[in-house]
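Trainee: I'm new to this one. Could you show it to me and walk me through the backbone and the helix packing?

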Amino acid sequence: MTATIIDGKAFAAKVRAQVAEHVQRLKDEHGLTPGLAVVLVGEDPASQVYVRSKGKQTLEVGMNSFEHKLPADTAEADLLALIQQLNADPAVHGILVQLPLPGHLDSDLVINAIDPAKDVDGFHISNVGLLGTGQKSMVPCTPLGCLMMLRDHHGSLAGMNAVVVGRSNIVGKPMAQLLLGDSCTVTIAHSRTRDLPDVLSRADIVVAAVGRPEMVRGEWLKPGATVIDVGINRIEGRNGLFGDCDFASCVEVAGAITPVPGGVGPMTIACLLANTLTATCRANGLAEPQGLTA
């Protein structure tokens, strides 16, 4: 048995095409152009590449892109003042502050200064609370992308056993909430879970987001399980990127699996654009696009 490969790159292209179609409709019917503002503090190379990619894809779907690049020694008060300016700007519908921030800046304080309605990363404490209580919220992009791929592959997820390996605020916890919202039976496991192979052996869905390269082994999986690998790791002495799952063994047991790279990664920016579109519609009292949010 060899698993079906879930092509995140192709699926992300489909999501971006849907977003572009809705953006054009907003322009034609309402004279609205969604705007995404990205704030980058410092010169972290990986963050710079990511911000460039976000800006490029934002423009490609017809949105306005506003980039604010600040020096690494920017004072916290100055960063907070910029966020307040963006909160008040009607042309800006989504705000994203690229993480990680330099050490002298309080990330929680900065994120919670963003207007929750414009928090397209879904990290504001208000959005975390809304998601956790099953209310309408801005949903973190990576878990949203995982959910979209699972829905596309399975249709209904109701009644399925899902194990999320990882308990981060960015992926693990919101992923579990989204799966609960789709009526899965959900277990959150992590690096200290006792007998993780036994826990995974009963899972119809495995979302691996623990940040440990090739931790999840194929022999731990229930045959036919769907595996979503969120991990992006480097291994010393080996070229390329590696997931949190040992792909070679998992692909022989799973029913479907996302590769690394080319799986979850491309969906993150696609869902950022989808969130910006959703925020624009909500801000203007318009119907939200179907299939582009939780």
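This is a predicted model: local features need pLDDT of at least 70, side-chain atom pairs count only at pLDDT 80 or more; totals for chains, interfaces and linings use all residues.

Trainee: Which residue does a cis peptide bond join to Leu99?

Mentor: Most peptide bonds are trans. Here omega is about 0°, and the place to look is the loop between strand E4 (94-97) and helix H4 (107-111). Helices (H or I, at least four residues) and strands (E, at least two) are DSSP runs, numbered from the N terminus. The partner of Leu99 is Pro100.

Trainee: And which residue does a cis peptide bond join to Val260?

Mentor: Look in the loop between strand E9 (256-257) and helix H10 (265-283). Omega is about 0° there too, and the residue joined to Val260 is Pro261.

Trainee: Is Ser183 buried, exposed or partly exposed?

Mentor: Find Ser183 in the loop between helix H7 (172-181) and strand E6 (185-189); its phi is positive, about 70°, although it is not a glycine. Buried means under 20% relative accessible area, exposed over 50%, and partly exposed in between (1.4 Å probe, protein chains only). Ser183 has 44%, so it is partly exposed.

Trainee: How do H2 and H10 lie to each other?

Mentor: Two packed helices are described by the angle between their axes and the distance between the axes. Axes are lines fitted to C-alpha atoms, for helices over the stretch in contact, and angles run from 0 to 180 degrees between N-to-C directions. The axes of H2 (residues 45-60) and H10 come within 10 Å and cross at roughly 50°. Angles under 35 degrees count as roughly parallel, over 145 as roughly antiparallel, 65 to 115 as roughly perpendicular and the rest as oblique, so H2 and H10 are oblique.

Trainee: How many nonpolar, polar and charged residues are in the contact of H6 with H7?

Mentor: With contact meaning heavy atoms within 4.5 Å, Pro143, Leu144, Cys146, Leu147 and Leu150 in H6 meet Pro174, Met175, Leu178 and Leu179 in H7. Ala, Val, Leu, Ile, Met, Phe, Trp, Tyr, Cys and Pro count as nonpolar, Asp, Glu, Lys and Arg as charged, and the others, Gly among them, as polar. The contact of H6 with H7 therefore has 9 nonpolar, no polar and no charged residues.

Notes:
Residues are numbered from 1 along each chain as its sequence is written. Side-chain values use heavy atoms; hydrogens and water are left out.
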